[in-house]
Amino acid sequence: QVMIQIESPRLLPQTDTPSISSYTAPFSPESMDGSTAGAGGLENRMALLAERARADSAHAGGRMPTFTSIGSQESMRSFIVTAERPSCCKVLFAVLVYLPWMIITMIAFFAALVVQQSLALPFRICAGLPLTFVLRVTAPVVSVLCCLFLMVNSGEPCYGRDLSRFESMDDFLQACSAAKRKNIKRNLKKAQDTLRTKGIQASYHLAGTWRCTREIRTLLWDQCKGHYGFTYGSPAIVTGNRPVPPAFVYFVEMVFFAAFPNDIQILRDREGRLISINTRTHIRNMYCNPTYACRHEHAKDGIYSYSNRHILTEAFRVRARVVNVMPSMRSAKGALGLRPLRMGAIASAGLSFVCEAPRSPNVEEPEQAEVLPAVQEQPAALVAPSGGKRAARKKADAERAKAEGNRSLGGSSGASGCSGPAAVVDLEEGAGQAPALVTAPTPKGGKRAAQKKAVAEAAAEAGAAEEV
């Protein structure tokens, strides 16, 4: 259970004693609408609390929490969020042991970041390939410290998969359960159909060939404002169960842009508006996905499922041993076959000195490559003959008879020495009986009827020849 204490009379039902009232109601998203919530930012706070309650209930095994609200006229905006009270031992461990460890990892990461940016600062003037080279040289140490900083300060592991025992995407899917494999394929197909229907186009740009424009920064800020991050375990105790500020999340995203040699995949709609981005970087034997952002109105178009498949495909192409998509979004990443990664696997892959050569690229011009599958016109299917074998035999006999009639017509015209058009005119005037062979209908009945009709036609031709 999660207890939420909100000191605001507008959040309470109408009672006879408006000074202090309390009620308990089962959690539901409908209880967070504007009719019960206060104005302005308090509605966002209530939505934030609801999201945290869902996360806590999922970690607790799916039990639905209940809400207890306590109001007071003295305080209109203050609120306190408390989860199940931790024991004294957990609090002491978090304060005396875990808090220093959080501080150490934060100092180590930002110290390495300052050194890296100092080395890269002279190359930012020219940018391009020189800057990319410097970032690739310093990225292994920074990436490992970055993952350690995120895991320690969020209380959540990085998600991804160890690809060392897989040779291709098919092997990766075979390792999943039958139900999950079916869901992954179905969701990917639905996402491709949705993106194709809405006219969404994707382009892939290599590191050093693109810049972080204002359009990209605006999309990232909207993403940070609309999604609140939470900490778990000892970090939650240290921070008092408070959410991570959106400004700090935006700052970390900007650090990812500056610290890593990122390739980027950009998705735009028909009008050319930016709707989603995701970055990825290849660091030794690790393929990372530091950033993902999408507009709220396109969140259900399957963009994340489609982007994740492209990330895994590229990871197999560059022969990466570990694919790392960072913390958060646990349920979405688990549905795509990703699992929590150990820090040892991340460090060994990120600091490895032995790297295999990547396979040939999937596209010739990756800067403007259309990643979405183009709509291809399917060839017209051959129409199967109606009926069974008998109908097919009849049709074949009719075509054979027609071909024989055409040959006989050619022979008669050649023998008479007439030109093509003159022969046609003579035939139209009824000078011969050859057109009967061309316009003869398909013989009805079986083989015996066809034989009888052929004999009759032969006798008639013989009689006409004798008369001539």
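## A first stop: Gly344

Gly344 has 49% relative accessibility, so this residue counts as partly exposed (buried means under 20% relative accessible area, exposed over 50%, and partly exposed in between, with a 1.4 Å probe and protein chains only). Gly344 sits in helix α11; helices (H or I, at least four residues) and strands (E, at least two) are DSSP runs, numbered from the N terminus. Gly344 and Val144 are 200 residues apart along the chain, yet their C-alpha atoms are separated by 9.9 Å.

## About the model

This is a predicted model, in which local features need pLDDT of at least 70 and side-chain atom pairs count only at pLDDT 80 or more, while totals for chains, interfaces and linings use all residues. Residues are numbered from 1 along each chain as its sequence is written, and side-chain values use heavy atoms, with hydrogens and water left out.

## The protein as a whole

The protein has 468 residues, and 36% of them are buried. Its secondary structure comes to 15 helices and 12 strands. Take the contacts (heavy atoms within 4.5 Å) between residues at least 6 apart in sequence: 78% of these join residues at least 24 apart.

## Where α3 meets α11

Back to helix α11, which covers residues 343-350 and has helix α3 (residues 128-154) as a partner: their axes come within 9 Å and cross at roughly 165°. That makes α3 roughly antiparallel to α11. Here axes are lines fitted to C-alpha atoms, for helices over the stretch in contact, and angles run from 0 to 180 degrees between N-to-C directions. Angles under 35 degrees count as roughly parallel, over 145 as roughly antiparallel, 65 to 115 as roughly perpendicular and the rest as oblique.

Which residues of α3 and α11 meet? From α3 come Pro140, Val144, Cys147, Leu148 and Met151, and from α11 come Met343, Ile346, Ala347 and Gly350. Sorted by class, the contact of α3 with α11 holds 8 nonpolar residues, 1 polar residue and no charged ones. (Ala, Val, Leu, Ile, Met, Phe, Trp, Tyr, Cys and Pro count as nonpolar, Asp, Glu, Lys and Arg as charged, and the others, Gly among them, as polar.)

## Where α5 meets α9

Another helix pair is α5 (residues 178-197) and α9 (residues 303-317), which pack at an angle of about 110° with their axes 8 Å apart. That makes α5 roughly perpendicular to α9. On the α5 side, the contact is made by Ile184, Asn187, Leu188, Ala191, Gln192 and Leu195, and on the α9 side by Ile303, Ser305, Tyr306 and Arg309. The residues of this contact divide into 6 nonpolar, 3 polar and 1 charged.

## Strands and their partners

Strand β5 (residues 159-162) pairs with strand β12 (residues 339-340) in the antiparallel sense over 2 bridges; two strands pair if DSSP finds at least two bridges between them. In this pairing, Tyr159 stands opposite Pro340 in β12. Strand β5 is also joined to β11 (residues 322-324) by 3 bridges, and these two run antiparallel. Arg161 stands opposite Val323 in β11.

How many residues of strand β6 (residues 201-205) are buried? The count is 4 of the 5, so β6 is largely enclosed by the rest of the structure. Strands β6 and β7 run antiparallel and are joined by 5 bridges. Ala202 has Leu267 in β7 as its bridge partner.

## A buried loop residue

Phe260 lies in the loop between α8 and β7 (263-268). Is Phe260 buried or exposed? With 4% relative accessibility, Phe260 counts as buried. Leaving aside neighbours within four places in sequence, Phe260 is in contact with Leu135, Ala139, Val142, Ser143, Cys146, Thr281, Ile283 and Pro290. One of these, Ser143, is 117 residues from Phe260 in sequence and 7.9 Å away in space, C-alpha to C-alpha.

## Two residues with positive phi

Most residues other than glycine have a negative phi. Asn241 is not a glycine, but has a positive phi of about 60°. Asn241 is found in the loop between α7 (234-239) and α8 (246-259).

Ser328, also not a glycine, has a positive phi of about 75°. Ser328 belongs to the loop between β11 and α10 (330-335), and at 35% relative accessibility it counts as partly exposed.
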